[in-house]
Amino acid sequence: MEIMSQLQESLVELIRRTSAEIPGDVHQAILASLENEKKNSLAASAFKIIDQNIALAKTKSQPICQDTGSILFYVNCPVGFDQITFAETAREAVKLATKKGFLRQNSVDSLTGKNDGTNCGPGAPAFHFHQQRTPEISVRLVLKGGGCENVGAQYSLPNEKLNANRDLDGCRKAILDAVLQAQGKGCGPGILGVCIGGDRATGYELSKTQFLRLIPDRNPVPELDALEQDILKTANELGIGPMGFGGKTTLLGVKICAANRLPASYFVSISYMCWAYRRQGVTLDAGGAIQKWLY
Amino acid sequence: MINLSFPFTEEKIRALKVGDEVLISGVIHTGRDAVHKYLHEGGKLPPGVSLRDGILYHCGPVVMKQDDGSWKATAAGPTTSIREEPYQAQIIRDFGIRGVIGKGGMGDRTLAACKEFGCVYLHAVGGAAQVLAECIKKVSNVYFLEKFGSPEAIWELEVVDFPAVVTIDTHGNSLHKEILARSQVELVKRL
């Protein structure tokens with residue numbers, strides 16, 4: 001039997017925990033919202049099932065949601081870190097985690113429709129490496145399901161239909177339109193990651209990095225913080241509710257960043273994360289062993 | 001809470017209305033994107049599978065092979081149903097389906113087919129893969145496993161007390177239409 005490297009073992013454990021255990025900040029937000037919903041409503045019933053599901057997944061060490069999603073690794077590493085070996089090891093960890101049932105056989109060849117059951121192929125899993133001048137290694141993992149990915153949206157402003165111009169009010173209109181269009185299809189209550197600016201690719205990419213933030217954190221940029229709070233409050237007044245059943249909780253959080261844009265472009269890119277917000281992270285020592293959990 | 005048990009007769013289905021919470025027991029079949037497209041294009045159900053008076057579950061479960069060769073569903077929540085909107089009405093009509101379990105709701109064509117042919121849309125809680133897998137007592141069979149891959153295969157499941165909410169009924173009502181209209185009005189007030 002082949003000996004599993006320390007790094008591979010750590011990454012399998014990271015995948016297991018990400019898939020089976022909801023982060024504490026998300027669980028807190030879900031429990032607080034449950035309190036808000038009317039007793040005996042469909043919303044309250046949905047929240048109860050969600051809460052039972054969170055407990056059961058953790059106890060059984062099985063996926064919170066069967067759609068174990070796109071596998072997104074965010075790696076912060078020092079200069080000189082061997083990214084190639086890391087990616088090779090992570091791919092092996094993904095294959096093993098799939099065999100163990102922590103991940104569904106979830107990756108399909110887009111041309112042939114074949115699913116080879118490994119979760120590895122062109123673009124899968126996805127890696128985002130960021131170098132830094134300090135020696136720490138941290139690995140964050142997001143598993144993002146297809147239902148919520150499908151309700152993501154990118155707006156190019158101005159948008160005449162929404163009467164949305166190239167300003168923060170225009171961004172607000174675009175973001176709230178995305179919430180309206182999503183209804184319950186993205187497994188709400190959801191969390192929005194938004195990027196104002198960038199190009200079509202970087203806009204979406206940066207919108208997803210917002211999911212690395214903690215739900216109760218506040219944006220250090222005052223304009224963005226105000227927009228985040230406003231969208232959260234307004235969306236929760238729309239009555240869409242968990243699963244689109246109606247109710248007070250449509251969103252659990254809103255996270256927005258801004259990136260420079262071209263004079264010709266003004267994109268608002270919105271990624272929607274389902275309540276089954278699977279995000280975890282670890283710091284690793286030089287040998288690949290887990291030092292601490294980040295969420 | 002209403003117990004909805006096999007056989008899923010037209011009479012039982014037509015008695016349901018939007019907002020009813022049900023516990024489903026009996027045999028159900030999974031079928032999602034690949035199966036819908038295949039059936040829409042004239043594909044035949046594999047021998048041994050009948051959806052007549054049955055329930056179709058929009059689900060791509062995690063199913064693990066056990067040491068004795070049997071299957072176990074270890075995670076099995078609903079997938080988003082609206083992707084099947086181009087196909088669902090025809091499939092309800094042609095295959096005599098009485099219930100569709102999924103999440104996120106469906107559109108006007110499915111709503112009309114539910115009314116005409118006597119079918120309901122049953123909304124399960126999306127993401128609740130463990131609670132729902134617990135309700136699957138047996139994986140009786142699998143079809144098209146090689147052809148479509150595990151998440152897209154037709155899995156025959158025996159469920160007990162599987163929780164869902166009727167969100168489209170046979171009387172022309174859709175909770176999804178209602179919530180969309182209401183939320184649109186609320187949003188306009190706040191722009």
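This is a predicted model: local features need pLDDT of at least 70, side-chain atom pairs count only at pLDDT 80 or more; totals for chains, interfaces and linings use all residues.
Student: Which residues of H2(A) are exposed, and which are buried?

Tutor: A:Val26, A:Ala29, A:Ile30 and A:Ser33 are buried. These four cover an arc of only 100° around the axis, which puts them on the same side of H2(A). On the other side of H2(A), A:Gly24 and A:Glu35 are exposed. The cover over the buried residues includes helix H3 (42-60) and strand S6 (251-259) of chain A.

Student: What makes residues three or four places apart point the same way?

Tutor: An α-helix has 3.6 residues a turn, so residues at that spacing point the same way.

Student: Why is A:Asn40 called exposed?

Tutor: A:Asn40 has 8 other C-beta atoms within 10 Å, and the cut-off for exposed is 12 or fewer; therefore A:Asn40 is exposed. A:Asn40 is found in the loop between H2 and H3 of chain A, and its phi is near 65°, a positive value in a residue other than glycine.

Student: Is A:Asn119 buried or exposed, and why?

Tutor: A:Asn119 has 23 other C-beta atoms within 10 Å. The cut-off for buried is 20 or more, so A:Asn119 is buried. A:Asn119 belongs to the loop between H4 and S2 of chain A, and its phi, near 70°, is also positive.

Student: What joins A:Ala124 and A:Pro125?

Tutor: A cis peptide bond joins them, with omega about -5°. A:Pro125 is in the loop between helix H4 (83-99) and strand S2 (126-132) of chain A. A cis peptide bond also joins A:Leu157 and A:Pro158, where omega is about 5°. Most peptide bonds are trans.

Student: How is the packing of H6(A) and H8(A) described?

Tutor: Two packed helices are described by the angle and the distance between their axes. The axes of H6(A) and H8(A) come within 11 Å and cross at roughly 35°, in a right-handed crossing. Among the residues that meet are A:Leu168 and A:Ile175 in H6(A), and A:Leu227 and A:Ile231 in H8(A). The residues of this contact divide into eight nonpolar, one polar and three charged.

Key
Residues are numbered from 1 along each chain as its sequence is written. Chains are lettered from A and ligands numbered from 1 in the order in which they are written. Axes are lines fitted to C-alpha atoms, for helices over the stretch in contact, and angles run from 0 to 180 degrees between N-to-C directions. Helices (H or I, at least four residues) and strands (E, at least two) are DSSP runs, numbered from the N terminus. A crossing is left-handed if the near helix is turned anticlockwise from the far one by less than a right angle, and right-handed if clockwise. Two residues are in contact if their C-beta atoms, placed from the backbone, lie within 7 Å. Ala, Val, Leu, Ile, Met, Phe, Trp, Tyr, Cys and Pro count as nonpolar, Asp, Glu, Lys and Arg as charged, and the others, Gly among them, as polar. The arc is that of the directions from the helix axis to the C-beta atoms.
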